[in-house]
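Student: I would like to go through this structure by asking about it piece by piece. Please define each term when it comes up.

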Amino acid sequence: MSKIRVLFVCLGNICRSPAAEGAFRKIVTEKKLIDQFYIDSAGTAGYHDGELAHPITRKVAKEYSIDLTHFSRKFIVNDFEKFDYIFAMDSFNYADIISMAKSPKDKEKVFLFRKFDPSVIGEPDVPDPYSGGIDGFKNVQEICLRTSEELLNWILSNLKKLN
Ligand code: 4NP
């Protein structure tokens with residue numbers, strides 16, 4: 001069976017999308033489903049190409065036993081081919097990704113990540129923690145963990161509908 005390919009996308013690919021990648025990987029691993037998934041993250045800007053996630057992102061992730069080893073990379077048009085699901089961390093990232101889509105099929109793969117957050121209030125954006133303190137990074141990691149639970153359930157329910 002081919003793997004389910006899931007991509008998380010923010011702006012710099014050093015704070016929010018690596019946190020989401022790590023959270024989703026943790027939950028999928030705990031449910032013993034990791035062999036069925038290919039999980040990655042990317043940024044709409046290439047500001048931090050080749051860098052590990054932000055030191056505070058990694059420190060906070062570690063507190064949840066999540067090891068972030070991803071190196072930042074830019075989102076590219078070929079990602080529409082490579083992935084089944086593309087989750088944007090905020091509405092700007094979403095608009096940037098959609099603007100690169102070449103077909104309706106590409107666009108159908110793109111979702112706002114936080115639409116799956118069971119306790120979101122207001123705009124379904126993951127707030128950018130880059131210029132703030134550690135509390136913002138902790139908030140992001142917690143959003144990513146609870147949203148990833150629901151995301152996985154949704155992906156699995158889609159699979160059932162196909163079968
Ligand atoms: P991210 O956060 O999109 O969650 O990775 C940011 C990282 C870097 C920058 C902005 C946001 N930056 O301007 O370099």
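Student: What volume does the largest cavity have?
Tutor: This is a predicted model, in which local features need pLDDT of at least 70, side-chain atom pairs count only at pLDDT 80 or more, and totals for chains, interfaces and linings use all residues. Residues are numbered from 1 along each chain as its sequence is written, and side-chain values use heavy atoms, with hydrogens and water left out. On a 1 Å grid over the protein atoms alone, a cavity is a set of points where a 1.4 Å probe fits but cannot get out, and a volume is the space filled by probe spheres set on the points, which are joined across faces, edges and corners. The largest cavity comes to about 30 Å³.

Student: Which elements give two or more residues to the lining of the largest cavity?
Tutor: Lining residues have an atom within 4 Å of a point, and here they are C15, R16, A19, I56, T57, V60, P129, F137, V140 and Q141. Helices (H or I, at least four residues) and strands (E, at least two) are DSSP runs, numbered from the N terminus. The elements asked for are helix 1 (16-30), helix 2 (55-63) and helix 6.

Student: How do the residues lining the largest pocket divide by class?
Tutor: A pocket is an open set of points with protein on both sides within 12 Å along at least five of seven lines. The largest pocket, of about 190 Å³, is lined by M1, S2, I4, D84, Y85, I155, L159, L162 and N163. Ala, Val, Leu, Ile, Met, Phe, Trp, Tyr, Cys and Pro count as nonpolar, Asp, Glu, Lys and Arg as charged, and the others, Gly among them, as polar. The lining divides into six nonpolar, two polar and one charged.

Student: Which helix gives the largest share of that lining?
Tutor: The largest share is three residues. They come from helix 6.

Student: In what order do the strands of the open sheet lie?
Tutor: Two strands pair if DSSP finds at least two bridges between them. The edge strands, each pairing on one side only, are strand 2 (37-43) and strand 4 (110-112). The four strands pair in parallel, in the order 2-1-3-4.

Student: What angle does helix 6 make with strand 3?
Tutor: Helix 6 (residues 134-162) packs on the sheet and touches strand 1, strand 2, strand 3 and strand 4, where contact means heavy atoms within 4.5 Å. Axes are lines fitted to C-alpha atoms, for helices over the stretch in contact, and angles run from 0 to 180 degrees between N-to-C directions. The angle with strand 3 is about 155°.

Student: Which residue in strand 4 stands opposite A88?
Tutor: Strand 3 (residues 85-88) and strand 4 pair in the parallel sense over three bridges. Opposite A88 stands L112.

Student: How far apart in sequence are the parts that Y85 and F111 tie together?
Tutor: Rings of Phe, Tyr and Trp (its six-membered ring) pair if their centres lie within 6.5 Å; planes under 30 degrees apart count as stacked, over 60 as edge-to-face and the rest as tilted. Y85 and F111 lie 6.3 Å centre to centre with 45° between the planes, a tilted pair. Y85 is in strand 3 and F111 in strand 4, so the parts tied together are apart in sequence by 26 residues.
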